[in-house]
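Welcome, and thanks for taking a look at this one.

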Amino acid sequence: LASRQFLRACAPLAALARARACAAVPTTMKTVRVHEFGAPEVMKVEESPVPELKDGEVLVRVGAFGVNPVETYIRAGAYAVLPQLPFTPGSDGAGEVVEVKGGGEVSTKLGKIGVGSRVYFSGTRTGAYASHTAVSGQDVFPLPDSVSFEQGAALGVPYKTAWRALHMKMKVTPGKSLLVHGASGAVGLAAVQLGKAAGLLVIGTASGERGMQAIREAGADYVLNHREEGYLNKLDEIALLPPRPPAGKNRAVDYILENLANVNLDNDMMRLAKDGVIAVVGNRGSLEVNPRNLMQCEGTVVGVLGGLFTAEQKAEAHAGLHGLLQTGVLKPLIGKAYPIESVAETHVDVIEQKGGAAGKLVVSLPQSAL
C-alpha cells in the first residue's frame with residue numbers, strides 16, 4: 001500500500017523531478033545570489049531550484065566552495081566581463097556527484113565519474129556558491145579520499161594558476177631556485193608546494209608570523225618577512241643561490257612568482273639570476289621600473305592569467321595535480337572555513353587579509369546544515 005501511494009504521488013511530476021525524487025536529489029537548494037552589483041552585502045543566501053543538467057554535465061552536491069579575489073571584482077561590477085544579473089558567483093569547489101545527465105558515468109582523462117564519486121571542480125555553469133551546481137564533465141576531477149572537500153575547494157584557481165606559472169610559462173627545471181613573493185596566500189602556497197615537487201630550492205615571503213608559519217608548513221626551504229627593511233638582502237646568506245650578474249656581488253634567484261607586481265617588480269629584477277624569469281600573477285596598480293635591471297641578467301617577465309587555458313592545457317594541469325594529490329605531495333592549506341551565511345565576510349577578508357594571508361578561504365557546506 002505504501003509503495004502504491006508513493007507511485008501515485010510521483011505520477012504528476014515531470015520526468016526529471018520524478019527521477020530526482022526517487023534518487024533522493026532535492027528539487028531546491030541553498031544558493032548565493034547577486035541581484036545587483038555592489039558591496040559584499042549584495043550577496044544574498046536564497047532557496048532556488050536545483051539546476052537541470054545539460055548533456056555532458058553532472059550535478060555536484062557541494063561540500064565546500066573556494067573564494068577567489070576575482071569574484072569580489074565581479075560582484076562589485078569592476079571586471080572586464082560581467083555576468084547577467086542575477087547570478088551565483090564562484091567557479092571552484094568540491095563535493096559528491098549526485099546525478100549524471102542521462103544516467104551512467106562521465107568519462108574523463110582521469111577516469112570515469114558517476115553518482116557517488118568524490119570530486120573537485122574548476123568551472124561551473126551555474127555558480128559554485130551553492131549547495132548544488134551543474135558542472136561539465138570536462139571541469140570535474142576525481143578527489144582522493146585523503147583530501148577533504150575544503151581542501152578540494154582550494155585546488156581550482158590557485159593551483160591551476162601556480163601550475164601554469166611554473167610549468168607552462170617559466171618552464172622550471174629541477175635544481176634551480178624559486179622566490180615566491182607573497183607566498184602565504186592561496187596561489188603562493190600552491191606555488192611553494194609545486195616548486196618543491198619540481199625539485200626547486202624554494203624561498204617564500206609573508207608579512208607576519210602566521211603567514212610565515214603557513215609557508216614553512218607548505219615546505220619552503222627559507223622564509224622571509226617582507227615587512228622587514230632590506231629583507232631581500234637575506235638572499236645573500238643563502239650560499240646555494242647563483243650570483244647576480246654582471247658583477248656577481250649579490251645572490252639571485254632563477255625564478256620569481258610575483259603576487260604584487262606594482263610594489264615588488266623593480267626589486268625582483270635586481271635579484272634575478274642570469275636568464276631568469278619573473279611570472280606576474282598579481283598586481284594592484286602601476287609602477288616605474290628601470291629596464292636596465294632586466295637587461296643586466298637578460299631576464300624575462302611574463303604575465304600569467306589562470307583563465308587562459310586551452311582544453312589540452314587544462315587537462316595537462318589537472319592530470320599533474322591529480323598525481324601529486326594521490327601521492328600526498330600536495331596538501332592545500334586552509335586559512336579559514338566559513339558558513340554560507342557569512343559569505344559577505346569572505347569577500348572582505350580575501351581582499352583585506354587582516355593579520356596577513358595564511359591559506360585558502362573557503363565556505364563549508366556540511367550536509368547537516370542544508
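## The sheet and its neighbours

In this predicted model, 6 strands form an open sheet with parallel pairing, in the order β12-β11-β10-β13-β14-β15. Which strands stand at the edges? They are β12 (222–225) and β15 (300–303), and each has a single partner strand, so one side of each is left without a neighbour in the sheet. On average, neighbouring strands of this sheet are turned by 20° against each other, with direction ignored.

Follow the order towards β15 and you pass through β14, residues 272–280. Strand β14 is joined to β13 by 5 bridges, and the two run parallel. Here L257 stands opposite A279 in β14. On to β15, strand β14 has 4 bridges, and this pair runs parallel as well. I278 has V301 in β15 as its bridge partner. With a partner strand in β13 and another in β15, β14 is mostly covered: 7 of its 9 residues are buried.

A helix also lies over part of this sheet. Helix α6 (residues 186–197) lies across β10 (177–181), β11 (201–206) and β13 (253–258), and runs at about 170° to β10.

The table sets out the geometry of both pairs.

| Helix pair | Packing angle | Distance between axes |
|---|---|---|
| α5 and α6 | about 50° | 8 Å |
| α3 and α11 | about 120° | 9 Å |

Start with α5 and α6, whose axes meet at about 50°. That angle makes α5 oblique to α6, and their crossing is right-handed. On the α5 side, P158, Y159, T161, A162, W163 and L166 make the contact, meeting A186, V187, A190, A191, Q193, L194 and G195 in α6. By class, the residues of this contact divide into 10 nonpolar, 3 polar and no charged.

How many of the residues of α5 are buried? The count is 10 of 13, which leaves helix α5 (residues 157–169) mostly covered. The buried set is P158, Y159, K160, T161, A162, W163, R164, A165, L166 and M168. Just after α5, K171 takes a positive phi of about 55°, a spot to look at if you check backbone torsions.

Now turn to α3 (residues 69–76) and α11 (residues 343–352), which pack at about 120°. That makes α3 oblique to α11. The crossing of this pair is left-handed. In α3, the residues P69, E71, T72, Y73 and R75 meet H347, V350 and I351 in α11. Their contact has 4 nonpolar, 2 polar and 2 charged residues.

Last stop: A78, in the loop between α3 and β4 (92–100). Is A78 buried or exposed? Its relative accessible area is 58%, and A78 is therefore exposed, since the cut-off for that class is over 50%.

Methods. Residues are numbered from 1 along each chain as its sequence is written. This is a predicted model: local features need pLDDT of at least 70, side-chain atom pairs count only at pLDDT 80 or more; totals for chains, interfaces and linings use all residues. Side-chain values use heavy atoms; hydrogens and water are left out. Axes are lines fitted to C-alpha atoms, for helices over the stretch in contact, and angles run from 0 to 180 degrees between N-to-C directions. Angles under 35 degrees count as roughly parallel, over 145 as roughly antiparallel, 65 to 115 as roughly perpendicular and the rest as oblique. A crossing is left-handed if the near helix is turned anticlockwise from the far one by less than a right angle, and right-handed if clockwise. Contact means heavy atoms within 4.5 Å. Ala, Val, Leu, Ile, Met, Phe, Trp, Tyr, Cys and Pro count as nonpolar, Asp, Glu, Lys and Arg as charged, and the others, Gly among them, as polar. Two strands pair if DSSP finds at least two bridges between them. Buried means under 20% relative accessible area, exposed over 50%, partly exposed in between (1.4 Å probe, protein chains only).
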